[in-house]
Amino acid sequence: MNAIQVSAAVRAALDRRTPVVALESTILAHGMPYPRNLETALAVESDVRAAGAIPATIAVLDGQICVGLDPAQLERVATADHMLKLSRADLAYAVASGRDGATTVAATMFCAHRAGIAVFATGGIGGVHRAVADTMDISADLTELARTPVLVVCAGAKAILDIPKTLEVLETLGVCTIVYRSDEFPAFWSRQSGLPAPLRCDDPARVAAIFRCARELEIENGMLVANPIDTESEIPHNELTTIIERAVAEAHDEHIGGKGVTPWLLGRVFALTQGRSLEANIALVRANARLAAQIAKELVSFC
Ligand code: PSU
Ligand code: MN
């Protein structure tokens, strides 16, 4: 079975040891409305190229895990209304049934590693949900970070989550969590979360050196690099507090559960901020792609 199809451009980059950055597709299919999702996908890919790396957006199309999408495939992911949301748990189902699906952070890490890609950029990772005591809802992104040696650049954990518990779980799972150029762990749309950075690093070359060292030590975990959103694009933490509390309470009242929780909450925060959250989300994912490309370049120059 050849379920993983690596595009010619990504294959050539990997063979020539050109830096490659993996990108996920759930953010496109379930995290942003059309047409901004497609514009963002194209902008993020060109940001990666401009920074000297090759983008590899990952999705499942007709049961094929595609690593590296062309513009028509990106459009299909951004417009199709039948895209499944695929975590590790769902990948084999989607492949065996010939389905289309967008990959979450967890599934994208898995596929990237299988394809030989070490660096991956996203917006915000999933984590421990605020209602965890009732729902046991803890994103599979955290367990994937514990088991798959891929470096994930994000803007922290989404502020709709319980960030203190998310950081505790990352520590328990042994995931090296580094904040880039800040002493505070960022909260996705905001630079601040009120929580200290577990570790701090100010230089892409050092981040690459740490990842490389983890490989040499045979620490088989992933690594998380949290890149705070820039000051001009952020929505300050205190402005979001009541909006997020309201969205979380509404999700509970509407009995939103399982895979639907994160997309639903992102949609509610979009509505309650009159679209400001989307502009922040686009700015942060583009910044993460640029940083990931810099780290990927440092990583190839090491070997
Ligand atoms: N980053 C974004 N928007 C998103 C996501 C990340 O800016 O929509 C997606 C990722 O695919 C992540 C998922 O894996 O949200 C988390 O979903 P869940 O909480 O169901 O594990
Ligand atoms: Mn969940």
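1. Basis. The model is predicted, so that local features need pLDDT of at least 70 and side-chain atom pairs count only at pLDDT 80 or more, whereas totals for chains, interfaces and linings use all residues. Residues are numbered from 1 along each chain as its sequence is written, chains are lettered from A and ligands numbered from 1 in the order in which they are written, and side-chain values use heavy atoms, with hydrogens and water left out.

2. Overall form. The protein chain has 13 helices and eleven strands, these being DSSP runs numbered from the N terminus (helices H or I, at least four residues; strands E, at least two). For 303 residues a compact globule would have a radius of gyration near 19 Å, and the 18 Å of the protein chain agrees with this; the radius is taken over C-alpha atoms, and the globule rule is 2.2 Å times the number of residues to the power 0.38. Along the principal axes, the C-alpha atoms fill a box of roughly 50 × 40 × 35 Å.

3. Among contacts (heavy atoms within 4.5 Å) between residues at least 6 apart in sequence, 73% join residues at least 24 apart.

4. Ile65. This residue is found in strand β4 (residues 64-67) and counts as buried because its relative accessibility is 5%.

5. Helix α6. Nine of the eleven residues of α6 (residues 105-115) are buried, so the helix is largely enclosed by the rest of the structure. After α6 comes Gly116, which has a positive phi near 85 degrees.

6. Largest pocket. A pocket is an open set of points on a 1 Å grid over the protein atoms alone, with protein on both sides within 12 Å along at least five of seven lines, and lining residues have an atom within 4 Å of a point. The largest pocket has a volume of about 530 Å³, and of its 32 lining residues Lys85, Thr104, Ser139, Asp141 and Thr262 lie nearest its centre. Helix α12 (261-272) is one of the elements that give two or more residues to this lining, and its three residues are the largest share. The lining divides into nine nonpolar, 15 polar and eight charged residues.

7. Second largest pocket. Its volume is about 400 Å³, and Gly116, Ile117, Ala118, Leu299 and Val300 lie nearest its centre among 18 lining residues. Both α10 (204-216) and α13 (276-302) supply at least two residues of the lining, which divides into twelve nonpolar, three polar and three charged residues.

8. Cavity. The structure holds one cavity of 30 Å³ or more, a cavity being a set of grid points where a 1.4 Å probe fits but cannot get out. The largest cavity has a volume of about 110 Å³, and Leu23, Glu24, Ile27, Leu28 and Val44 are the closest to its centre of the 14 residues that line it. Four lining residues, the largest share, come from α3.

Key. Points joined across faces, edges and corners; volume = space filled by probe spheres on them. Buried < 20%, exposed > 50% of the residue type's maximum accessible area, 1.4 Å probe, protein only. Nonpolar A, V, L, I, M, F, W, Y, C, P; charged D, E, K, R; others polar.
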